[in-house]
Every structure is written in structure tokens, then in C-alpha cells.
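Open the structure in your viewer and colour it by chain. Have the selection tool ready.

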Amino acid sequence: MKYQGKYGFFTFVLAVAALSMLSAGCKKASNPFPASNAVNGWTKAGDTRTFKAADLWQYIDGDAERYVSAGVVTTSTADYKYNGSIEATADVYTMSNEAGATKVFDSDPAQESKSASLGDASRIFGQSLVFRKGPYLVRIVAFSPAPGLDQNLIALGHAIEGSL
Amino acid sequence: MSNSESETSRRQFLKTAAAGAVVLGAQGNTAWAKAAAAPGKSRVVIADDQDLRGNGATPEEQRVARLLDRAMLAYGGNSKDAWKHVVRPGQKVTLKVNTIAGKGLSTHVSLVLAICERLQQAGIKPGDIIIWDRTSRELERAGYTISTDPNKVRCFGTDTAGYGYEDQPQTFGMVTAKVSRILTQNTDVMINLPLLKDHEIAGVTLAMKNMYGVVERPDQLHGGHCNPYVADLNMLPPIREKMKLTILDGMTGLYNGGPSFHPEYTWPHNGLIVAQDRVALDRIGAQIIEKKRAEKGLKTVAEAGRPATYIATAADAQHKLGTDVPGDISLIEA
């Protein structure tokens with residue numbers, strides 16, 4: 001009885017530790033968006049929304065199909081403003097595995113893009129950035145152009161990458 | 001490409017886009033009557049202004065209003081009379097916009113405001129005009145101001161308290177769907193205001209696919225490249241009967257990656273397409289997108305594995321929503 005009690009307690013401690021680590025990992029991935037002014041010039045506008053795969057259509061309608069078919073698990077989205085005026089949206093797609101993120105990333109045409117040196121692979125255009133890191137696919141799209149915007153998108157992208 | 005080269009290219013495209021008569025400008029106030037009396041000939045107006053944005057990135061409001069007036073003039077009659085052929089005082093008029101892609105690619109507020117002004121000039125009370133889409137959130141993100149004041153032009157989503165979707169679904173063919181009460185109970189005339197976009201599944205999303213935002217579960221209508229779902233959806237009585245006019249906002253076009261906003265694949269098309277025949281409009285709009293894709297070295301949407309087969313279905317004997325035969329389309333350049 002004494003023997004079982006000791007091991008039972010040890011098992012309990014391990015279980016709590018494992019749950020804590022798992023919880024911390026989930027929290028880290030479920031909130032990848034930097035707070036306002038954590039990245040120079042960028043303020044977070046409004047709340048973060050998260051969609052399960054079955055509900056992704058509510059956010060991006062027919063575009064959801066290719067993410068679902070590639071194994072998306074959840075999608076989180078947040079709006080930002082740069083210097084108080086340029087609006088942008090950041091989306092983090094958590095895929096079931098790296099292959100899913102790669103599949104979606106590779107399905108986008110890469111014409112007129114450059115590498116942004118982010119994650120495992122990345123593309124920067126004048127007004128949008130996309131990169132993948134492990135099972136994550138990240139898109140940041142600004143709604144209007146501005147000189148030097150691409151570098152500011154990359155800065156925000158680095159902050160998000162660091163949270164994944 | 002210079003402006004003159006663009007103009008030459010555009011004119012050449014219009015010559016080949018429809019084998020029917022190309023009329024440069026409409027004459028007189030009887031054009032609507034002539035259009036109605038010419039069965040089998042669907043009028044589609046293409047109007048554009050290559051100086052629409054002036055020296056900036058966004059279309060200038062006054063130029064947008066003038067572009068609208070020119071398009072409606074070309075469609076039939078002077079602007080005020082043209083609107084009176086679409087609406088009558090006492091009617092409830094709703095404007096179904098497209099805002100799912102956010103501010104970068106939504107029906108322009110400036111266009112909608114100009115239409116609201118023309119409707120009021122035609123005798124529609126402000127409180128009888130509703131600008132709408134699926135959700136108020138999407139409208140706000142696209143730059144619209146939400147208002148439910150019954151004495152003013154209203155703007156809100158189907159998800160607004162007191163509206164929602166009908167309890168009982170309607171069925172045609174493969175589609176069984178619950179329709180927005182904004183359309184079923186608050187609309188006599190719907191003016192459809194879609195965008196000029198390609199679509200990852202349907203090939204293109206234009207007049208007919210904009211009706212996906214009218215029903216509760218559009219996610220269930222994407223199989224088979226949205227075919228026959230798009231056509232069947234447009235056969236539901238409220239959608240078929242109440243859509244009296246489509247003014248496609250082609251001021252910004254999207255030729256790849258749609259329906260989501262991909263700024264790298266947009267171009268300043270700076271135009272509007274006006275038609276009552278939603279099938280003919282979609283056929284012309286699809287040709288415009290294919291032309292841009294070809295310019296950019298991309299495959300056609302069919303070659304890319306997403307053919308816009310729903311357009312032909314909408315024109316077939318089971319649907320008869322309009323015509324997609326070039327010889328039966330009267331393409332008018334304004």
C-alpha cells in the first residue's frame with residue numbers, strides 16, 4: 001500500500017508536469033500575435049479570432065477548401081494597423097503537419113516575389129507576406145500599398161514566427 | 001503598357017469578346033424598351049475610366065459617380081430615367097454587396113453611396129434602402145458604417161438581431177438552403193453588386209456566385225467546382241425574381257488566388273459591368289479575367305483545374321437564367 005502510494009504520487013506529479021507543458025505549448029501556438037507596439041509601428045486592432053477547420057468557411061468562404069484538404073486544424077486571425085493608418089490582417093493556419101503547410105505554400109504562384117528569410121520558406125510581395133514554419137502557415141496582407149511596407153511586414157512576421 | 005496601348009488592347013478585346021453587335025453608346029430614352037423587346041439579345045455594358053484613381057491609389061468618389069452614370073446611360077436612357085426602369089417609389093430596394101475579402105477587395109463604398117443617391121433621386125425613400133451582406137462585421141471591415149435607423153439608408157448583415165435566415169429552406173436541384181430574411185421579407189428589388197474575381201473552386205466569382213452570401217450554409221455548395229450549385233442557387237425564387245440588375249464593381253480586379261484578397265494578383269481594371277442578364281454578365285466577366293491571366297502568363301482557370309462550368313449550366317434548358325452565347329450578347333462599350 002505504501003509502495004503504491006509513493007508511485008501513485010510520482011505518477012500524479014509527472015502527469016501534472018506533462019499537462020502544464022502541453023498547456024503552455026498550446027497557449028503559445030494559439031496566441032501567436034504580438035501585442036500593440038511590440039513591433040515598431042504596429043498596433044493590434046480588435047480581438048483575435050480562431051476558427052476550427054469545420055468553421056473556416058465562415059472566415060474565407062470557398063478558399064477554406066484547400067486548407068481543409070491540406071489538413072488545417074485551426075486558423076487564428078488578427079487585424080493590425082501600421083502607423084495608425086495602413087490596415088493589415090495576419091492569419092496563422094495550424095496544419096496537422098509540416099506537409100500540409102508545405103502543400104498550401106507551394107500551391108501559391110511565386111511570380112514577382114522575393115524570399116523574406118523567414119521560417120522554413122517565405123515569400124514577400126509589396127503588400128503581402130507568406131511563410132511556413134513546421135506545421136504553421138502564416139499570411140500577412142496589407143490592404144493598401146506604402147513605400148517600405150514590405151520590410152514592416154517582415155518585422156511583424158518575425159514577431160509572429162518567434163511565437164510559433 | 002501605355003494608356004493608348006491599353007486602350008487599343010481593350011478595344012480589340014471587346015471586338016472579339018462577343019460576336020454580336022457592338023454599339024458604341026446608347027441612344028435616347030427608349031433603350032430599355034428596346035432591350036426588353038429584343039428577346040435573345042442580352043445587353044451588357046462595360047464602362048471604364050482609366051483616370052479613375054487620379055494621382056492616388058483609390059478611386060475618386062466623383063469619378064466613380066460619373067462612371068456609374070455613364071454606365072447606366074449606356075444601358076438605357078439618361079441616368080435618372082435609367083433608375084426608374086429598375087425601381088419604383090414605394091419599393092424596398094436592397095444592395096447585396098461583397099465584403100468577405102475585407103477592405104482590400106470589397107464592393108467600393110463610393111460606388112454604393114452613388115447608387116443610393118441615384119435611387120433616392122428616382123423616388124426611393126432612404127429608409128427603404130438596405131446595403132447588406134452576410135455579417136455586419138464583414139461590412140464594417142470593408143469600410144461600411146452599420147446603421148439600422150429606419151429613417152435613413154440602412155446597412156447591416158443578415159446576422160443582425162431580428163433578421164437571420166428563414167426557418168424553412170428552399171430547394172432547387174442540388175441546392176436546399178435557408179435564405180436571408182433581408183431578401184425574403186425586406187426586398188422588392190435587389191441590386192446585385194459583385195466583384196471581378198477569380199475563384200479557387202468555381203473558376204470565377206461574379207454575379208451569380210455573389211448569391212452565396214444570401215444563404216445560411218454556402219460551404220455546402222462548393223462541390224463539383226460549384227456546379228450546378230451556383231445555377232441551382234440562382235433558381236431559388238427570391239434570388240431569381242428579385243435580382244433586377246447587376247452592377248459589377250470591377251474597379252479592382254483579381255485574376256488569381258481568389259476569392260481571398262491577394263494584392264499581388266490584383267489590377268486596377270477601373271471599370272463597371274452592368275447587365276440584367278446575370279449569365280451574360282458572368283460570361284463577359286470571365287473573359288476579362290482570362291484575358292488578364294493570359295497577360296500574366298497564367299493558365300486559363302479550366303487548365304488550372306477549376307473550370308467555370310456553372311455559367312453554361314445557368315444557361316441550359318433546366319435553368320434558362322440567361323445566355324452565355326456570344327451571338328446573343330449585345331456588348332456595349334461606354
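This is a predicted model: local features need pLDDT of at least 70, side-chain atom pairs count only at pLDDT 80 or more; totals for chains, interfaces and linings use all residues.

**Stop 1: the interface.** Select chain A and chain B together. The contact involves 25 residues from chain A and 30 residues from chain B. About 2200 Å² is buried between the two chains, and carbon and sulfur atoms give 50% of that area.

**Stop 2: charged and polar links.** Now select B:Lys209 and A:Asp61. These two form a salt bridge, with the closest N and O atoms 3.5 Å apart. Between chain B and chain A the count is four salt bridges. There are also 10 residue pairs in polar contact across this interface.

**Stop 3: the chain B side.** Select residues 136-141 of chain B, which make up helix H6. This helix gives three residues, the largest share of the side that touches chain A. By class, that side of chain B has 12 charged, 10 nonpolar and eight polar residues.

**Stop 4: the largest cavity.** How many cavities of 30 Å³ or more are there? The count is four. For the largest cavity, select A:Tyr59, A:Asp91, B:Ala101, B:Ser260 and B:Phe261, which lie nearest its centre among 18 lining residues. The space inside is about 240 Å³. Strand E3 of chain A gives three residues, the largest share of this lining. The lining has 10 nonpolar, four polar and four charged residues.

Technical notes: Residues are numbered from 1 along each chain as its sequence is written. Chains are lettered from A and ligands numbered from 1 in the order in which they are written. Side-chain values use heavy atoms; hydrogens and water are left out. Contact means heavy atoms within 4.5 Å. Buried area is the accessible area (1.4 Å probe) that two parts lose on being put together, summed over both. A salt bridge is a side-chain nitrogen of Lys or Arg within 4 Å of a carboxyl oxygen of Asp or Glu. A polar contact is a pair of N or O atoms within 3.5 Å; within protein, one must be able to donate a hydrogen and the other to accept it, and residues adjacent in sequence count only if both atoms are side-chain atoms. Helices (H or I, at least four residues) and strands (E, at least two) are DSSP runs, numbered from the N terminus. Ala, Val, Leu, Ile, Met, Phe, Trp, Tyr, Cys and Pro count as nonpolar, Asp, Glu, Lys and Arg as charged, and the others, Gly among them, as polar. On a 1 Å grid over the protein atoms alone, a cavity is a set of points where a 1.4 Å probe fits but cannot get out, and a pocket is an open set with protein on both sides within 12 Å along at least five of seven lines; lining residues have an atom within 4 Å of a point. Grid points are joined across faces, edges and corners, and a volume is the space filled by probe spheres set on the points.
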